[in-house]
Amino acid sequence: MGTPVVAIVDDDPRVLASLDELLESAGYATISFASAEALLAHGLEGVDILITDIGMQGADGFELRDRVWRKYPELPVFLITGRHEITDQSHSCGKGGFLRKPFDGHALLAALRGALDDKQA
Amino acid sequence: MSSSAGTSKSDHDGLTKPPDIDVVQSAKIVERLTGNAWATDAVGKFIYVTPEALAFFGIPLDELNSPTDAGIDGWRQVIHPEDYDAAAAAWQRCLQTGEHYSVEHRMLRATGSYGWVRSTGQPIRDATETVVGWYGTVIDEDSRSRPGERPAENSSDPSLQNVTGAAPHSFAAIHPDDRPDVGHAIESPRESERHLQQLVETLPALIYCALPDGKPIYRSKRLRQYLGFNLEDTDDLGKSRLDGTLDAVIHPDDLATVKEHYSRSLSTGQPYALRHRLRRFDGVYRWVETRASAMCNAEGIVVQWNGICLDIQDQVHAQEELSRVQENLSRANQAASLAELSASIAHEVNQPLSAVMNYSSACQRWLTAVPPNIERAQKTLERIVQSATSAADVISRIRALFKQSTDKRDSTELGAVVREARDLLAEQASRQRIRMDIEGESGLRLVPFDRVQIQQVLVNLMRNGLDAMASASNDKTLRIRAYRVDGMVRIEVADWGRGIQFPDKIFEPFFTTKDQGMGMGLAISRSIVESHGGQLWAEKNEPRGAKFVFTLPLEMMEAA
C-alpha cells in the first residue's frame, strides 16, 4: 500500500489548512474540501479515510457520512464537532469516530492509524 | 262632524249610501282619527266600512257579510286561519254580552301578505241600554309607530317598536310559520315587542337608540344604570341632548374623536364604531367599544340609529397585561442571549484554537522527523501565531460589541432594573420555593448605564444564586441589596447555597461548576460591569453561601 489518502471536509479554511498541515506532517496525502457537496462532486475514488466537520452549510457531516457509506460502507469516517452534546449522545455504528474540537492532534493521528490497520487486517 | 260625513258621502258616490244612524256616525268619527273604521248592526252584520278599511281588507262590503261556509261570516277570509277561531269566539262573546271587543290577530292585506292588526269594537246602546249596533276600527300594528306618530295605546318605548318592526330578527318580521314557538301560542306583536324589550334589557350590553340627528331617545336599563342618569337628565345643560350626553360621559381625551366620528356617521349614514373611555355612574372611566348603525326605511332614509356599547375594560387590561408579559419575555430573551452569546463565543474561539492545536502537533512532527524538517516547522509556527492572533481577535470583537452597545445608556432608576430582574426570575424562584428579598435605598441615580446589560448581569448573578440553592432543603432566600458607598452604588446578590470553591477562577471564561452552561456568564458579567466603570467580585456570605458584589458609579449631585 502506498501513501494513504485522507479526504478532509470543513467549511472553516483555518481548520482545514491546519488539518492538512497535520496530516501532511504525519505522511498522509490529503485532499481538502470546503463542503460536503464539493467532496461528493469530486468523488471518493482512492480515498482511504474521511474526516469531516459536522456543522456545515448545506449537507452536514452526518448526512455526508450516510451518503458516503451507501457507496463505501467500509470507509472510516471521523466526525469533528465543536459541540459537546453531539458526541455525548450519538455513537457511530460504522467505522470511524468522533473528535471534539479542539482535539489533540496526536490522538487524531493515532485514531487514523488504528482505522487503517483495521482496514488492512 | 257633518262636514266629515259629507266628505265621506262624496267619496262614496255610486256606492250604497250608509244609513245615517249612531253606529255609522261613530264609525265616521273613528275614520277621522284612524282612516279605517267599520259599523255593524246588533248581530254583527257590516253596515258601513270606510273606503280605507275596504282597501285594507281588499274585499267589498257584501263579501264581508256573505257566509263563506256553514253560516260563518265572510271576514273569515281576511283573518289568518290560526287567529280566526280566537277572534271569532271573542266577537261572538262580545255580541252576546256587549263588552268591548279588542283582539290582536293577523290580517290578510290587499298586498296578499298577513300583518298584525288590533281589531277593536264598541257597542252603541239605545236609551234602554240595548245594544243596537257596533262600531270599531282595525289598527295596523306593524306600521302604527311611524316616526312622529304616537303609539295608540302602548306605554312601551316607540324606539323599540321601531326595532320590532325593522330589525331582521324581531318576531314581527318573521313569517308566521317560521316564528319561534314561545310557549303555547304564537306571539302577538305586543308579546313580540315585550319579548324584544326583555331581550334588549337582559343582553349583557348597553343598548341605545337615537334619532337620525343623533338625539338619544332610548337607553336600556343597563345603560341607564351604567351611566347613572337617563335621557332627560342632560337636557337642561344648554346643549343638545347628544352633546350634553357626550360631554358628560366621554373621557375628555376621547371626546373630540368621538364627536368627530359621530358627526361623520350622522352625516353619511355609515356605521359608527369606536373604542373610548366612558364615565360610569361612580365617576370611573372605563374602556368601552361602541357600535351604532342606521336603521333605514324603504326609501333608504335613516329613521333611527341603534347602538350597542360593550364594556371592554377587562379585555383592555388583559391586553395591557399581555404586552407587559411580552415585554418581559423579550427582556428574558435578551437575558437568555447570554447563553447563546456564550455558545457562539465558544465556537468562535474554538475554531482558531483547533487550528493552533493541529499546527502545534504538526510542528512537533516536523521537528521530530528524521531528519527534522526545520523549514516546515518554521512555517507551521507562523501559522500557530496567526491562528492564536485570530483567537485574540475574536475576543477584541466581543469587547467591541459591548462597547458599541453603550450608546444606548439611559438613566433608569436602578431599583426598577432590579425589580424587573426579579420579575424575570420569579417563576423559577417560586418553583424552587426560594424567597427573593430586595432592599435598597430609594432614588439611587446612576450615571447613564445600559439597562439591558446591567439587567443581564443581575439576572445572571441572581440565577446563579437560585441554582446554588437548588439542592438546599430549607432557609432558601436570595437577598439583593443596593446601597450607596463612596460615590458608588454597591449591589449585592447573596445566596445561602454551598458557597464558592474557586473564588479566583469563577470569573475566567469557560470555567463552570454547573452541568449546563459554558462558564461564560460571570466572565461576561464582569466585562459588562467593568465597561460601566464598576467592579464585580465574589465574597463569602455569612453565615454561609456566596455573595456576588458589583459596583456602579453614582451620578454626581450638582454642587449647590
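1. Contact here means heavy atoms within 4.5 Å. On that basis, residues 24 or more positions apart make up 54% of the chain B contacts that have a separation of 6 or more.

2. The model is predicted, so local features need pLDDT of at least 70 and side-chain atom pairs count only at pLDDT 80 or more, while totals for chains, interfaces and linings use all residues. Residues are numbered from 1 along each chain as its sequence is written, chains are lettered from A and ligands numbered from 1 in the order in which they are written, and side-chain values use heavy atoms, with hydrogens and water left out.

3. Chain B contains 15 helices and 15 strands; these are DSSP runs numbered from the N terminus, with helices being H or I of at least four residues and strands E of at least two. Of its 560 residues, 44% count as buried, where buried is under 20% relative accessible area, exposed is over 50% and partly exposed lies in between (1.4 Å probe, protein chains only). The accessible surface of chain B is about 29,900 Å², with 52% of it on carbon and sulfur atoms. Such areas come from the Shrake-Rupley method with a 1.4 Å probe; for residues, only the protein chains shown count as cover.

4. Over all chains, the search of the whole structure gives 6 aromatic pairs. Rings of Phe, Tyr and Trp (its six-membered ring) pair if their centres lie within 6.5 Å; planes under 30 degrees apart are stacked, over 60 edge-to-face, and the rest tilted. One aromatic cluster consists of W38(B), F46(B), W91(B), Y101(B) and W134(B).

5. Turning to the interface, chain B and chain A bury about 1,800 Å² between them, and 51% of this is on carbon and sulfur atoms. Buried area is the accessible area (1.4 Å probe) that two parts lose on being put together, summed over both. In chain B, the most area is lost to chain A by Q351(B), N358(B) and R365(B), together 33% of what that side buries. The contact involves 18 residues of chain B and 20 residues of chain A.

6. Between chain B and chain A there are 2 salt bridges, each defined as a side-chain nitrogen of Lys or Arg within 4 Å of a carboxyl oxygen of Asp or Glu. One of the salt bridges joins the side chains of R376(B) and E21(A) at 3.2 Å, N to O. The elements giving two or more residues to the chain B side are α11 (313-368) and α12 (374-405). The largest share of that side, 14 residues, comes from α11(B).

7. Two peptide bonds deserve a check. V370(B) and P371(B) are joined by a cis peptide bond with omega about -5°, and P371(B) sits in the loop between α11 and α12 of chain B. Another cis peptide bond, with omega about 5°, joins E542(B) and P543(B); P543(B) is in the loop between β14 (536-540) and β15 (546-553) of chain B.

8. Backbone phi values come next. Most residues other than glycine have a negative phi, and most peptide bonds are trans. E129(B), not a glycine, has a positive phi of about 70°. E129(B) lies in the loop between β4 (114-125) and β5 (131-140) of chain B and counts as exposed at 55% relative accessibility. R433(B), also a residue other than glycine, has a positive phi near 55°. Its place is the loop between α13 (414-431) and β11 (435-440) of chain B, and R433(B) is exposed, with a relative accessible area of 71%.
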